[in-house]
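Visitor: I'd like to learn how to read pockets and helices in a model like this one. Could you walk me through it?

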Amino acid sequence: PCTIINKLSVEAWIIEIKKLALQQNTIHGYFKQCNHFLNFLFEYNYIPMFKINKDVRTKPEVKEIIVFRDEDLQKIFDNLKTKNSNFRTMIYLAYYTGLRSTDMMSMVIEKINFENNSISYYSPKLKKWYTVPFHKHLTSVLQERIIEKKTGKLLEYTDDSDMSKAFKRYLTDLELNGRGYSMRTFRKTFITNASSAMDLATVSKLVGHKNITTTAKYSNKVDLAKKAE
């Protein structure tokens, strides 16, 4: 009940989540959700407003932005011929669209348009429909997948964690584990590469960022020569 939520109980909860064996940014994510909920309670006067002490609040960890090395990407794509169409499609989609795993999972075959090379999908995170163009290198991969699947969901994974596990197993097979790569690395690599070739506002729309400042932090990975060009 809302009546038991007060400054002391919230701060006690934050101190407890800091003890969890989770990454710092995961814990900070919990704190942010707590903050959103408190703001809702304050706005509608469910509880009296209070401020959480600065030394109790969590802080995000600023991590280095990791993108794929060219030679590692080459290895990833060269060995895809041994994998099934479900996995191959996932990798090509991730690299050529830069979309979130959850967005890729929501894609259905009926929303793929080969006349104008576009895919319409529903973003579970942003709760909106988007339409994005796809690269010509995706055409044959998508067509092969559609022949096999025919209708319905493009990718057959239970959730995004299954996609991550499948990719991690693949990295282990290729002896590329331990380099900090994950499914999110495709997104970071896409944004980094695209930022060197087009304006950030366009890149932001392509990858479904709500705020261009989120996109901008990846532009620091573009080298000076590319920025000048």
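This is a predicted model: local features need pLDDT of at least 70, side-chain atom pairs count only at pLDDT 80 or more; totals for chains, interfaces and linings use all residues.

Visitor: How much space lies in the largest pocket?

Guide: The general idea goes like this: rolling a probe the size of a water molecule over the atoms shows where empty space is left. Here, the largest pocket holds about 2,100 Å³. Its lining has 41 residues, and the closest to the centre are N25, K125, R184, K217 and Y218.

Visitor: Which elements give two or more residues to that lining?

Guide: Those are α2 (24-43), α5 (101-105), α7 (160-173) and α8 (183-195). The largest share comes from α2, with 7 residues.

Visitor: How do the residues of the lining of the largest pocket divide into nonpolar, polar and charged?

Guide: You'll find 12 nonpolar, 16 polar and 13 charged residues there.

Visitor: And what volume has the second largest pocket?

Guide: That one comes to about 320 Å³. Its lining has 17 residues, with Y96, H135, F190, N193 and A194 nearest the centre. Two or more residues each come from α4 (85-97), β3 (128-133) and α8. Of these, α8 gives the largest share, 4 residues. By class, the lining has 10 nonpolar, 6 polar and 1 charged residues.

Visitor: On to helices, then. Which residues are buried in α7?

Guide: In α7, the buried ones are M163, A166, F167, Y170 and L171. They sit on the same side of α7, because the arc they cover around the axis is only 140 degrees. What they pack against is α3 (70-78), α4, α5 and α8.

Visitor: What span does α7 reach from its first C-alpha to its last?

Guide: With 14 residues, α7 reaches 20 Å, close to the 20 Å expected at 1.5 Å a residue.

Visitor: Now α8: how many of its 13 residues are buried?

Guide: Count as buried anything under 20% relative accessible area. On that cut-off, 10 of the 13 residues of α8 qualify, so the helix is largely enclosed by the rest of the structure. Among them are M183, F186, R187 and F190. The cover over the buried residues of α8 includes α3, α4, α5, α7, α9 (200-207) and α10 (212-216).

Visitor: How far apart are the end C-alpha atoms of α8?

Guide: They are 19 Å apart, which agrees with the 18 Å that 13 residues should span at 1.5 Å a residue.

Note on methods:
Residues are numbered from 1 along each chain as its sequence is written. Side-chain values use heavy atoms; hydrogens and water are left out. On a 1 Å grid over the protein atoms alone, a cavity is a set of points where a 1.4 Å probe fits but cannot get out, and a pocket is an open set with protein on both sides within 12 Å along at least five of seven lines; lining residues have an atom within 4 Å of a point. Grid points are joined across faces, edges and corners, and a volume is the space filled by probe spheres set on the points. Ala, Val, Leu, Ile, Met, Phe, Trp, Tyr, Cys and Pro count as nonpolar, Asp, Glu, Lys and Arg as charged, and the others, Gly among them, as polar. The expected span of a helix is 1.5 Å times one less than its number of residues. Buried means under 20% relative accessible area, exposed over 50%, partly exposed in between (1.4 Å probe, protein chains only). The arc is that of the directions from the helix axis to the C-beta atoms. Contact means heavy atoms within 4.5 Å.
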